[in-house]
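This briefing is meant for someone meeting the structure for the first time. Please look at the sequence and the model before reading on.

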Amino acid sequence: MICLKNEKHQAVYWGTIMIKGYWIPILHSHLPFVKHPKYENFLEEHWLFEAITECYIPLLKRLYLLENENIDFRLTVSITPPLAEMLSDNHLMEKYIKYLDKLIDLGNKEIVRTNDNEEYKHIANFYQDFFTQTKDFFIQVLNYNVLNGYRHFYDKGSIEVITCGATHGFLPLLSVNEKSVEAQIKIATQAHKKFFNKAPKGIWLPECAYYQGLDKILNDNGIEFFIADSHALIYANPTALNGVYAPVYTPNNVAVFGRDALSSKQVWSSKEGYPGDFCYRDFYRDVGYDLEFDYIKPYINPDGTRVFTGYKYHKITGTTDHKEVYNPWVAFEKTKEHAAHFHEHREKQIAQLSSLMMRTPMIVSPYDAELFGHWWFEGPEFLYQLFKHMHECNVIKAITPIEYLTRYPSNQVVSPNASSWGDKGYYDVWLNGGNAWIYRHLHAMADSMSEYAKKYKECNNNDEIRILNQMLRELLLAQSSDWAFLMTTATATQYSVNRTKEHIQNFNTLKEMLDVNKLNFDILSQLEDKNSIFDFIDYKIFLGE
Amino acid sequence: MDELTQKIATTSLEIENDFSSASHALDTMVYEKAKEESESYTIPTRYYKNTVTLLAANTSTYYVYWEIIEQTLQTYQIDLYKEKLCFRVENANRECLVQFSSPFDLGEYFFKLDAQDIDICVKLGLLRNNEFIEIMKSNLLHTFSSTIKFPDFTNEVWLEKHQSYMKIIQSHLEEINDAQTSTSNIKQFEQILFLNDMSEKRKTSSSLLGNNND
């Protein structure tokens, strides 16, 4: 194995501090583009509202707290283009304010309802306060746009915001028409520049899915690094000598950071992970399901479908249905213990790795951002406590991938193996008997897009340009990996099937308008309003020039 | 390769193989099932275009879908009531790895094949008088690998990358910081050739099999 002159000692100085290892935490923030302007209340739009309330704002609040406490932290966050688009969409953000108002109103009623119950009244107050403060923070600090919070830390350098596929398309399965992949990457970098005023240095490949040759497209678009599953590096050609504990370069000079499954599992696993601790909030018990229908009716879906409201009064308690009352203050104290435990295990892991490696180990821990706060309510507090603990201990340094590469510019060159972060590291989740039917359509649409981009290369007709651009939007939205994923997990199967079919139909309707030269402006305007993603889009991107 | 390196590789994988991150947060958000209604959308049943496409699901499962148009059936004088379409999965040496048949002009099929780290494609055609007549071929696909391939002297390459320049480093030079001698320049050149070769190999194997669906 290669021995680097300046890396013979595993511990290194970071400023004046002796560091034994690096930790690269990565939060992947993504939701599919869901916007239904025709409806005042649309259930699937609540995915975004819940994520803002329980994940993004709680995280940003903790980051501001760390900043105020002068605690040095580093975090890499992918904000996918569809998420950025939704967070900047006036229609959705107006609905979000209404959503918060409703929750605050429910809180007021809950305080009255639980007034005689010592245990419940505290927690009702806690939630009423939580939603009120969330609204204040959203308006006063974030100025109605969550991205403002991320921009603040991105500009300061404490977080590195990276991009993702334009609509989170599963790139290996789209690569039959390479222009699809090029469009996913190019539009993603354009969106990043639009929202963050600078080009992204890194990308979170949708589902961490890689195939041979993708690195060239990434390099062509100025991407310097991406994150991959360990299968990409260990089964690479040749194998990455430092495993996932140091990055590698691809043949096209893009750095790859491999996921450390051990630290992922410690936080993520529903069985062994921290979120399963008995004193943490139970996800499933919610007043939306527990209280009398007439009382809760104004706060659930207008058609009477019971939904989660966010008012969850119970802790996990144990493995049975018996649930005791949740105490947020006790739970938040517990996060300190778990943060220390996580840190201790990384220290041990780093010590073990240092004995095997000739350089200071690096541990990459990627998670879905929505895990912290939504599924694991105390997750943002855990991250806050972890950064604090790391700062106090000064043994492990949280850094960004770019900081690591600046420090260690020499890395092995390998050709990564095709892989994803799905089951066993391959593509089954997005290609199986339940969802394989979509690919025939996605590929045919991409071929048509290529054909029409060529045919209308010199087009100056503004209406035709509008149609072609909307065709590209419909194609991109159909390509979202979320639909194939949800068909596999069978959680929102019909919605996913409908969404896929809707975009296929829209694409073909628009194509037909061009074919018969009969434009239907009502339909076009409706589609532009509903599927309004990427106002800068240019169908000529499919020319690949 | 030394024992320590092997241990790092196995350490990197030991948890990974029994842990998946496919349990997305999104999945927890849609737990609250809405009344799921099937809305009416019209999507094409066929595209009236000759197509055969190959996709990989994992190291042993592959998916192929196809469509063959009436005109092509006529050109080859195919009566699908009497004769089946034949599908041959071939490697870059044109060796047949799997073969199956179908009486349908439009279809899809999952098949099993244990073929790792190679280029494969599917050829759609006819089997007449024990001779395969090719009508069209699929995209080229590089299969997954699940084997550890430790580098040797010839293919262990390191790259030193800075904002303004890059430098290829030969594996056997122990001191990277000293790798700027004339000897190392020669070695760098050799490694550049190696890297070019790596990407050329892909192109070559693509060109061997030609374009898809033509």
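Ala56(B) has Tyr62(B) of S2(B) as its bridge partner. This pair belongs to a model that is predicted. For the complex, the predictor reports an ipTM of 0.91 and a pTM of 0.90. The points below start with the sheet around that pair and then turn to other parts of both chains.

**A sheet in chain B**

- S1(B) is joined to strand S2 (residues 61-67) of chain B by 6 bridges, in the antiparallel sense.
- The open sheet in chain B has 3 strands in the order S1-S2-S5, and its pairing is antiparallel.
- Strand S1 (51-56) and strand S5 (106-112) of chain B are at the edges with a single partner strand each, so one side of each has no neighbour in the sheet.
- On average, and ignoring direction, neighbouring strands of this sheet are turned by 15 degrees against each other.
- Helix H16 (residues 437-455) of chain A lies across S1, S2 and S5 of chain B, and its direction makes an angle of about 55 degrees with S2(B).

**Asp117 of chain B**

- Asp117(B) sits in the loop between S5 and strand S6 (119-128) of chain B.
- With a relative accessible area of 27%, Asp117(B) is partly exposed.
- Asp117(B) and Thr143(B) are separated by 26 residues in sequence, while their C-alpha atoms are 4.9 Å apart in space.
- Apart from neighbours within four places in sequence, the contacts of Asp117(B) are His142(B), Thr143(B), Phe144(B), Ser145(B) and Lys149(B).

**A covered strand in chain A**

- Strand S10 (residues 362-368) of chain A is mostly covered, and 7 of its 7 residues are buried.
- Met362(A), Val364(A), Pro366(A) and Asp368(A) point one way from S10(A), whereas Ile363(A), Ser365(A) and Tyr367(A) point the other way.
- S10(A) pairs with strand S3 (residues 21-29) of chain A in the parallel sense, over 7 bridges.
- Pro366(A) in S10(A) is the bridge partner of Ile26(A).

**Two packed helices in chain A**

- Helix H10 (residues 261-268) and helix H13 (residues 328-356) of chain A pack at an angle of about 165 degrees, and their axes are 11 Å apart.
- Because angles over 145 degrees count as roughly antiparallel, H10(A) is roughly antiparallel to H13(A).
- The crossing of H10(A) with H13(A) is right-handed.
- H10(A) contributes Leu262(A), Ser263(A), Gln266(A) and Val267(A) to the contact, and H13(A) contributes His341(A), Phe342(A), His345(A), Arg346(A) and Gln349(A).

**Asn301 of chain A**

- Asn301(A) is found in the loop between helix H12 (293-296) and H13 of chain A.
- Its relative accessible area is 10%, so Asn301(A) is buried.
- Setting aside neighbours within four places in sequence, Asn301(A) is in contact with Asn41(A), Leu43(A) and Val307(A).

**Confidence in chain B**

- The average pLDDT of chain B is 77, and 65% of the residues score at least 70.
- Residues 172-189 of chain B have a pLDDT below 50, and this stretch has 24 contacts in the model beyond near neighbours in sequence.
- Residues 202-214 of chain B stay under 50 in pLDDT, and the model has 28 contacts for them beyond four places in sequence.

Conventions:
Residues numbered from 1 in each chain as written. Chains lettered and ligands numbered in written order. Predicted model: local features only at pLDDT ≥ 70, side-chain atom pairs only at ≥ 80, totals over all residues. Heavy atoms only, no water. pLDDT = per-residue confidence, 0-100. Contact = heavy atoms within 4.5 Å. Buried < 20%, exposed > 50% of the residue type's maximum accessible area, 1.4 Å probe, protein only. Helix = DSSP H or I, 4+ residues; strand = E, 2+ residues; numbered from the N terminus. Pairing = 2+ DSSP bridges. Axes fitted to C-alpha atoms, helices over the stretch in contact; angles between N-to-C directions. Parallel < 35°, antiparallel > 145°, perpendicular 65-115°, else oblique. Left-handed = near helix turned anticlockwise from the far one by under 90°.
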